[in-house]
Amino acid sequence: MIEIDRITKTYNGVRAVDSVTMTVETGTITVIVGTSGSGKTTLLRMINRLEEPSSGEVRINGESTLAVKPHILRRRIGYAIQGHGLFPHHTVARNIAAVPELLNWSADKIRARVDELLTLFSMEPATFRDRYPAALSGGQQQRVGVARALASRPDLLLMDEPFGALDPVIRTRAQEDLRRIQQQLGSTIMLVTHDMEEAMRLGDRVAVMDAGRLVQHGTPAEIITRPATDFVASMVGEVERPLRLLSLVPVSDLVEAGTAEGEALQVGASLRDALSACLWTGRSAVPVEQDGRRVGRVTFDAIRARARVHP
Amino acid sequence: MRIGTVLRPALVLLLLALVLRPAWFTPVFAPFAPQGGPVIYDRVSLLSLSLSHLGLVAAASAAATLIAVTLAILVTRPAGAAFRPLSRTITNMGQTFPPVAVLALAVPALGFGAGPTLVALFLYGLLPIFENAIAALSTLPPATMEAARGIGLNRWQRLVRVELPLALPVILTGIRLSVVIALGTATIGSTVAARTLGEVIIAGLLTNNTAYVLQGGLIVGLFAVLIYDALVQLEVRLARRIGAQSS
Amino acid sequence: MTQPGRFVSAPGLLFAALGLGALLAPFMTISANRIVEGQGVKVWSLAGAGETLVGIVAVTVGLALGVPRVWPRLRLGGAILGLAGLLWLLMQGAPALLDGAGEYARVSPAIGFWCLFTVLMLLMADALADLTPGPFARAGLLTAVLSALALVLWSGALADLSVLQEFASRKNGFLDAALRHLGLAFGSLAAAAVIGFPLGVLCHGRADLRGMTLPVLSFLQTIPSLAMFGLMIPIFSWVGETVPGAQAIGIAGIGFAPAFVALVLYSLLPVVGNTVAGLASAPPAAIEAARGMGMTPGQRLVRVELPLGLPIILTGVRIVLVQNIGLAVIAGLIGGGGFGTFVFQGLNQTATDLILLGALPTVVLALVAAIVMDILVDLVRPTPETTP
């Protein structure tokens with residue numbers, strides 16, 4: 001559990017981060033979202049003390065981060081940034097091994113860990129281990145950057161706009177990969193972004209920052225249906241509100257018995273996908289499939305009704 | 001910066017005094033002169049040596065700038081592209097030739113006097129200017145060049161109105177490097193009988209008169225430092241203007 | 001624009017034209033002794049018709065091979081053939097011209113030779129630029145060229161040339177001068193590295209120190225060399241006279257010590273400046289990542305900044321080495337020894353051969369140093385040049 005306790009950063013009398021308090025549960029993803037200058041990156045950088053807080057403190061599993069030297073602290077916290085920051089003169093393997101090397105792991109242990117992570121990120125170790133970052137694609141570089149941040153099994157992974165430099169198609173895949181890997185490893189992640197779509201897609205909890213203050217902290221559904229301020233509402237976007245909400249609910253929630261014509265959806269798809277399929281093909285119901293077997297259908301009316309029920 | 005505003009005029013005054021009223025400094029240099037020997041160099045007026053020295057440098061640098069920038073423009077056009085690798089090799093290797101050696105090698109070819117010095121200064125001065133001009137002309141912002149083509153400027157207009165003005169600060173850096181080297185090499189030019197301030201230093205070395213050495217060294221050093229400084233200021237100002245324009 | 005065609009190299013065409021023109025200029029000079037002005041001899045009257053024809057044909061064919069653009073190797077071969085032709089002409093011409101010309105007569109290469117030599121070297125460089133040999137290939141090539149040069153000089157094939165006669169009469173002095181010259185150039189480089197490298201590392205971490213150090217060093221660099229060497233004289237004679245024991249270890253107004261210190265002062269800017277620039281050349285994101293993963297400043301320096309900055313730092317060393325080999329010539333004026341002694345003696349006596357005896361080795365030394373350092377810089381590049 002990560003506890004952020006009244007943390008404040010002042011630059012020349014201006015409060016870049018103003019007394020932010022929040023708690024992050026172990027094994028969840030918390031996305032901090034805000035416009036540029038909202039203090040979101042400063043907040044993140046105070047957690048691994050790349051910025052020293054002016055006041056307040058952070059506790060990781062009950063222990064204050066001020067109790068250890070900053071560089072020792074940082075070795076326990078993964079850090080992935082926009083533009084990956086890989087060392088251009090080191091191979092992929094050495095890049096991933098950077099923190100384990102700092103922690104003096106044995107060579108065998110490091111090698112095993114590197115291969116394990118490459119496999120996890122769908123990169124064949126034998127192919128990629130000895131490549132240099134310059135010989136990788138943008139998406140591969142970014143994956144190696146995240147793998148490096150996870151190498152020493154950190155208590156917490158901090159990510160600062162990790163997908164900011166990727167094009168939309170690769171970004172979506174990277175987000176799915178991150179979700180999958182986080183669930184597999186049970187990692188605790190704090191991620192900063194300016195993209196509400198990304199926040200909704202990745203976050204178990206979303207924290208919205210505005211002018212140095214934490215204005216709302218809750219589940220994506222809460223943020224959409226009960227925005228705390230006008231600023232949060234504008235970040236969510238009035239027009240897109242219902243669609244964002246539907247994208248949070250899986251089809252399985254509304255599956256009913258019965259049949260329907262046309263191409264089927266998977267149970268894991270969202271209601272937004274179902275709505276889209278209805279509109280595009282002019283159907284009033286779409287069949288739902290699980291493991292290649294039809295399990296029922298979801299109707300246009302049910303979706304409409306669901307969109308009106310604000311939890 | 002604040003140190004500069006005080007130091008700069010002080011150094012200029014010191015230099016002027018050293019050149020125009022050398023006798024004032026007799027008490028300063030006396031301890032370095034040999035027993036009973038002359039303290040202040042008076043075989044030729046220091047002013048005429050200074051003018052001749054600066055004249056050589058100015059003539060050589062002006063000629064070098066003209067030729068080097070012209071060559072750089074030719075080489076950076078599509079028609080001159082075949083000469084690009086060669087010009088890179090020549091600037092790379094040419095600058096490893098020590099200036100003194102160039103001067104010394106000019107003597108067998110041209111004899112003694114101002115001639116070989118001028119030629120050596122010119123030849124050596126070409127390289128830094130050429131190198132910087134090529135670098136500047138071939139790394140102009142592509143978006144600006146596209147825009148210049150897009151608004152319908154022809155090749156010549158693009159060169160005169162866009163490329164050269166944008167390249168000017170970097171070319172000027174090359175000219176500064178070239179001038180500094182030329183000032184130093186011209187000093188040595190007095191060993192091949194060119195009339196420059198090096199004469200004072202050489203006379204001091206030949207007669208074991210440290211007062212002469214000090215006097216000549218100070219004047220040449222001050223000239224170099226002040227000219228260097230003036231050129232740096234000019235570059236900063238130009239670069240700021242271009243920076244302000246583009247933003 | 002009109003292109004000179006896909007098959008013809010424009011520089012090659014220029015070299016051929018210049019080279020053929022240079023063939024018409026005097027190729028060698030012969031003079032009655034080492035001081036008086038000589039007489040130019042055209043290439044076709046150097047020696048017997050048969051011998052000279054071989055050389056002229058080799059040079060002409062060499063130049064012609066430089067023209068086609070398609071095979072850079074052929075152009076390289078042409079340059080080598082042409083240079084061999086020049087060497088052959090010198091070897092044939094020198095004894096033939098000296099024959100019966102008197103005891104003190106001297107022959108030397110003239111303007112025609114030097115122009116052809118330059119043109120052929122440029123052809124070689126142009127062909128090599130096309131071939132872009134790797135560092136090891138260049139090292140091999142440099143070794144081959146230097147061995148060939150050493151072999152020619154050692155064999156005595158050119159012993160009749162006036163520069164080499166000048167050398168023969170000063171063998172011991174030449175060796176001393178060479179050692180002294182190298183001592184000045186490399187010694188001052190070592191001292192500058194010992195001072196400048198830590199200073200550069202300190203400046204990297206501290207902007208205030210950097211803001212003070214670099215301007216001072218660049219002003220030092222601006223002072224003309226003769227003035228700098230001259231200004232050292234009063235300082236060192238004062239030290240020599242006042243500090244007990246200083247004179248015993250050779251510190252005096254003139255000589256090795258003031259020259260050495262002047263060179264060190266000149267070397268500091270490239271060493272410090274390039275160390276600072278090299279350490280700052282690591283991508284900002286990589287530095288941020290290094291900080292974020294918990295590297296201490298020392299670990300960051302050793303593992304990230306230093307390896308990434310090494311090429312730039314070594315480039316600073318290259319600048320210093322080449323610059324000092326040249327500047328060490330000035331030491332000859334203040335009794336510091338080195339090849340400058342010959343140059344300035346030669347200028348005093350208007351003895352061209354003596355000037356060349358000092359200047360040519362300096363130029364060769366500087367060129368070799370530059371090429372070797374370029375190879376080293378290539379070898380320490382941290383990542384192979386890969387384009388994804």
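In the predicted model described here, strand S1 (residues 2-11) of chain A pairs with S2(A) in the antiparallel sense over seven bridges, where two strands pair if DSSP finds at least two bridges between them, and where strands (E, at least two residues) and helices (H or I, at least four residues) are DSSP runs numbered from the N terminus. Residues are numbered from 1 along each chain as its sequence is written, while chains are lettered from A and ligands numbered from 1 in the order in which they are written. Because the model is predicted, local features need pLDDT of at least 70 and side-chain atom pairs count only at pLDDT 80 or more, whereas totals for chains, interfaces and linings use all residues.

Within S2(A), A:Val24 is the bridge partner of A:Ile2. The open sheet to which these strands belong is formed by four strands in the order S2-S1-S4-S5 (chain A), with antiparallel pairing. Strand S2 (14-24) and strand S5 (63-64) of chain A stand at the edges with a single partner strand each, so one side of each is left without a neighbour in the sheet. Helix H1 (residues 40-47) of chain A lies across S1, S2 and strand S4 (55-60) of chain A and runs at about 60 degrees to S2(A), the axes being lines fitted to C-alpha atoms, for helices over the stretch in contact, and the angles running from 0 to 180 degrees between N-to-C directions.

Chain B, by its secondary structure, has 10 helices and zero strands. The C-alpha atoms of chain B fill a box of roughly 75 × 50 × 25 Å, taken along the principal axes. Of its 247 residues, 45% count as buried, a residue being buried if 20 or more other C-beta atoms lie within 10 Å of its own, exposed if 12 or fewer, and partly exposed in between, with C-beta atoms placed from the backbone. Among the contacts in chain B with a separation of 6 or more, 74% are accounted for by residues 24 or more positions apart, two residues being in contact if their C-beta atoms, placed from the backbone, lie within 7 Å.

Of the two pairs of chains that touch, chains B and C have the most contacts between them, whereas no contact joins chain A and chain B, whose closest C-alpha atoms lie 21 Å apart. In the former pair, 42 residues of chain C are in contact with 41 residues of chain B. The largest share of the side of chain C that touches chain B, nine residues, comes from H14(C). Helix H9 (residues 198-206) of chain B packs with H9(C) at an angle of about 35 degrees, their axes being 10 Å apart. This contact is made by B:Gly198, B:Ile201 and B:Gly204 of H9(B) and by C:Leu226, C:Ala227 and C:Gly230 of H9(C).

When its neighbours within four places in sequence are left aside, B:Ala133 is in contact with B:Ala68, B:Val69, B:Ala72, B:Ala167, B:Ile171 and B:Gly174.
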